[in-house]
Amino acid sequence: MANYERLSSLDRTFLDLEYPEAHMHVAGVTVFDAGPLRTPDGGIDIEKIRKYIASRLHLIPRYRQRIARIPLENHPVWVDDDRFNLEYHVRHTALPRPGGDEQLKRLTGRIASQQLDRGKPLWELWIVEGLDGDRFAMISKTHHCVIDGVSAVDLATVLLSPSPDATIPDAQPWEPQSAPSRGELVMEEARRRLATPLEFGKAVLDAMRNPAGTAESIGEQISAVTETLGAGLFPASESPFNQPIGPHRRFEWTAMELADVKRVKNALGGTVNDVVLATVAGAVGSFLSSRGFSPEKIAELDFRAMVPVSLRGSSDRGTLGNRIASWAARLPIAELDPRRRLQAVRAVTADLKQSRQAMGAEVLARVSEWTVPTLLSLAMRLAARARSFNLTVTNVPGPQIPLYMIGSRMLAAYPLGPLFLDQALNIALLSYDGRLHWGFNGDWDVLPDLRDLVTAIRASFDELLRVTETAHSRTRTGNRQPRAKDPSGKHKR
């Protein structure tokens, strides 16, 4: 048999959605304490890092594979890269000393502006020395056809360790398997297509054994697909975030204590993600106001966030590829009261949880595997072109313990999500070691004031915190028992 693996329809979609202006890589910035990786001259030991990553590659086979195409149908497949060179993928650069966070943000924006080479394995790691505070950074880029947000966290746990042990094991030997020829790919795909009707026939037999359950399931799935496609037919309102984009990026970040976020949701209700969306809603309203939008104009906007939803079960953890769907969540950007804003978000997400949008996306993906592989790509392209959402907000839970790379402790991790055509902003969040890290990827020209939005995020969350503290204070006062009085009317001590 030929040595290759087909990309799933969903993974292929992220290849199809990539344009020169819209790069489909998932990226991020992790900041480390220099620790044992510091060299005598104050630099970072890049050869030690490369040796360590080489020792982990057997756990990430996709990192030594490239994209090939099946003739005629043009479907992408993974094959081993017989010219794999680790030095190409693990790169070394520096900021002018002493480099600060602002310089690191600008460097990240420039690196995020460069599309990954489709002829090589679709990932890069940039080791950045020269940071002040005895720190260094790692800027990662991996194509979205390889990972989604959750699998990116799983990948980080492969490259990083919960132990500060700086021991580096020897790399396991690796020999690339020969890539299949065009003729072999055609023959293997012909065999696969011949087997497809047998799989379909088995599904029909299973349906005949349980007709009532199958009818209910098919009806439910058709309804889910209809609901999913329908959500993309009605465009969201045009906004400053929805302009033609170019290839150049700005990157900003902020961080907040995860305990504060949980304090808000415990006091006011909802989930961490509800608090995040309420924070974004308040910030967007404030940002649009600073751009000259009147309160009446803001109230007229049907403003929606695309919120990716993980479909991974426990058995899917540790695997690469994509297992996601998405919600189109209407955000109450005109609501000035932070408590009511969070309540409105909770109502929206409760409705979405009752809807079948996530199921519909999964059904489309399965149908694409059995029929036309581009079906899901076409549906997602139509949704993007129809402006069914204004921006993306993705929130991925990460490890709440410190992680290390060869003994150097990871201090922070700021995620960077891709932009779609006419979508100039992606807000990605990752919780790590007690903090919630926000990454803001914006188009360079459309959002020259991206930092103002980050400031608005902080102010919006501070509003929620103040409401929480007021509610907590009232609760404590309400629970306090009045002191007894003596007959004279004075309080007893």
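User: How many salt bridges does this structure hold?

Analyst: In this predicted model, the count comes to 23 salt bridges.

User: What makes the contact of R50 and E47 a salt bridge?

Analyst: The N to O distance between the side chains of R50 and E47 is 3.0 Å. A salt bridge requires a Lys or Arg side-chain nitrogen within 4 Å of a carboxyl oxygen of Asp or Glu, so the pair qualifies. Both residues belong to helix α2 (residues 46-56), where they are three residues apart, about one turn of the helix.

User: What makes R451 and E252 a salt bridge, and which parts does the pair tie together?

Analyst: Their closest N and O atoms are 3.4 Å apart, which is within 4 Å, so the pair is a salt bridge. R451 lies in helix α14 (residues 450-479) and E252 in strand β8 (residues 249-257), so the pair ties together parts that are 199 residues apart in sequence. R451 is partly exposed at 46% relative accessibility, whereas E252 is buried at 10%. Through shared partners, salt bridges join E102, K105, E252 and R451 into one network.

User: Why is strand β14 described as largely enclosed?

Analyst: Strand β14 (residues 425-432) has eight of its eight residues buried, so the rest of the structure largely encloses this strand. L425, I427, L429 and S431 point one way, while N426, A428, L430 and Y432 point the other way, and all are buried.

User: How do you know that β14 pairs with strand β11 and with strand β15?

Analyst: Pairing requires at least two bridges. Strand β11 (residues 391-396) is joined to β14 by five bridges, in parallel, so these strands pair; A428 of β14 is the bridge partner of T394. Strand β15 (residues 435-443) and β14 share eight bridges in the antiparallel sense, so they pair as well. L430 stands opposite H437 in β15. The hairpin of β14 and β15 has two residues between the strands, and D433 takes a positive phi near 50° there.

Note on methods: Residues are numbered from 1 along each chain as its sequence is written. This is a predicted model: local features need pLDDT of at least 70, side-chain atom pairs count only at pLDDT 80 or more; totals for chains, interfaces and linings use all residues. Side-chain values use heavy atoms; hydrogens and water are left out. Helices (H or I, at least four residues) and strands (E, at least two) are DSSP runs, numbered from the N terminus. Buried means under 20% relative accessible area, exposed over 50%, partly exposed in between (1.4 Å probe, protein chains only).
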